[in-house]
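Student: Could you take me through the salt bridges here, one at a time? I would also like to see where they sit relative to the rest of the fold.

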Amino acid sequence: MRYKTKILNSNLKIIDVNNKSEWCYIFCTSNAEATHNSNKFEWENISSDRRIVKSANKMIFIKDDTLCYYTNGISTEINSIKKLIIFLKKETNKLKIKLVGNSAGGYLAMLLSCFLPNVERAVSFGGIINIYKWTGTNSDFTFDQVTRLTNLVKEKKETYFNLVPFINKYKPRIFHFYASNCKSDLIELDCCKNITNL
């Protein structure tokens, strides 16, 4: 079966499956170096499962080549999270939405679930809920992603860096998975204590 695939840039791929389904799946990529500056996206193998394909009207793959937790958006035109939300509202018009992502992708999946209409659920694997708290607590870590994100937080105040108020306000259906022996994931669990609708 052939599908209509649009690759708008290295950060966005949209597959119109053209089923009579009412579902749109949004796959959010982490800050994975393996996908950086390439046409590769996380979740592509999983998305090719026949059950997913059969149930989808549309599949959208997103990533952030700047590795800055989507604060610069995904292109020169869609250069902020706010513009990304506006773009996705148009792309998913009248469709029911399911989102999935891990790490930075989990963060984006949770964020989008607060602002896109018709979100049925978002699944986050180790997504960051409060970037301010995460970078402040982990500032002693030395790996590149934490250093980059810590510097970003110092330079830029982003409306969406703390998802707790949005989750409390919009009460999206989120399934958040974390590693119980991972220091940074336990910080996220601590942030969940401030979420009133769990």
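Tutor: Start with Asp190, which forms a salt bridge with Lys193; the closest N and O atoms are 3.1 Å apart. Keep in mind that this is a predicted model. How exposed are the two partners? Asp190 is partly exposed, with a relative accessible area of 29%. Lys193 is exposed, at 65%.

Some salt bridges share partners. Asp16, Lys58 and Glu91 are joined in this way into one network. Two of these names come up again in the sheet. Asp16 has Lys58 as its bridge partner in strand 4. Strand 2, residues 12–16, pairs with strand 4, residues 58–62. The pairing is antiparallel and runs over five bridges.

Next, take Asp49 and Arg51. Their side chains meet in a salt bridge at 3.0 Å, N to O. Asp49 is partly exposed, with a relative accessible area of 26%. Arg51 counts as exposed, because its relative accessibility is 58% and the cut-off for exposed is over 50%.

Now compare Lys63 and Asp65. Their side chains also meet in a salt bridge, at 3.8 Å, N to O. Are these two residues buried or exposed? Lys63 is buried, and Asp65 is buried too. The salt bridge count comes to eight. Why can such pairs form at all? Side chains of opposite charge can pair when their charged atoms come close.

Now place this in the fold. The protein chain has eight helices and seven strands. Seven strands form an open sheet with mixed pairing, in the order 1-2-4-3-5-6-7. Strand 1 (4–9) and strand 7 stand at the edges. Each has a single partner strand, so one side of each lacks a neighbour in the sheet. On average, neighbouring strands of this sheet are turned by 10° against each other, direction ignored.

Helix 4, residues 104–115, lies across several strands, including strand 4 and strand 7. Helix 4 runs at about 155° to strand 5 (96–102).

Strand 7 covers residues 174–177 and holds Phe177. Phe177 is partly exposed, with a relative accessible area of 44%. Together with Phe125 and Phe175, Phe177 makes a nonpolar surface patch of about 270 Å².

Last, the whole chain. Of its 198 residues, 53% are buried. Its accessible surface comes to about 10100 Å², and 52% of that belongs to carbon and sulfur atoms.

Technical notes
Residues are numbered from 1 along each chain as its sequence is written. This is a predicted model: local features need pLDDT of at least 70, side-chain atom pairs count only at pLDDT 80 or more; totals for chains, interfaces and linings use all residues. Side-chain values use heavy atoms; hydrogens and water are left out. Patches are made of residues with over 30% relative accessible area and no salt bridge: like charges are joined within 9 Å, nonpolar side chains (Val, Leu, Ile, Met, Phe, Trp, Tyr) within 5 Å. Accessible areas come from the Shrake-Rupley method with a 1.4 Å probe; for residues, only the protein chains shown count as cover. A salt bridge is a side-chain nitrogen of Lys or Arg within 4 Å of a carboxyl oxygen of Asp or Glu. Helices (H or I, at least four residues) and strands (E, at least two) are DSSP runs, numbered from the N terminus. Buried means under 20% relative accessible area, exposed over 50%, partly exposed in between (1.4 Å probe, protein chains only). Two strands pair if DSSP finds at least two bridges between them. Axes are lines fitted to C-alpha atoms, for helices over the stretch in contact, and angles run from 0 to 180 degrees between N-to-C directions. Contact means heavy atoms within 4.5 Å.
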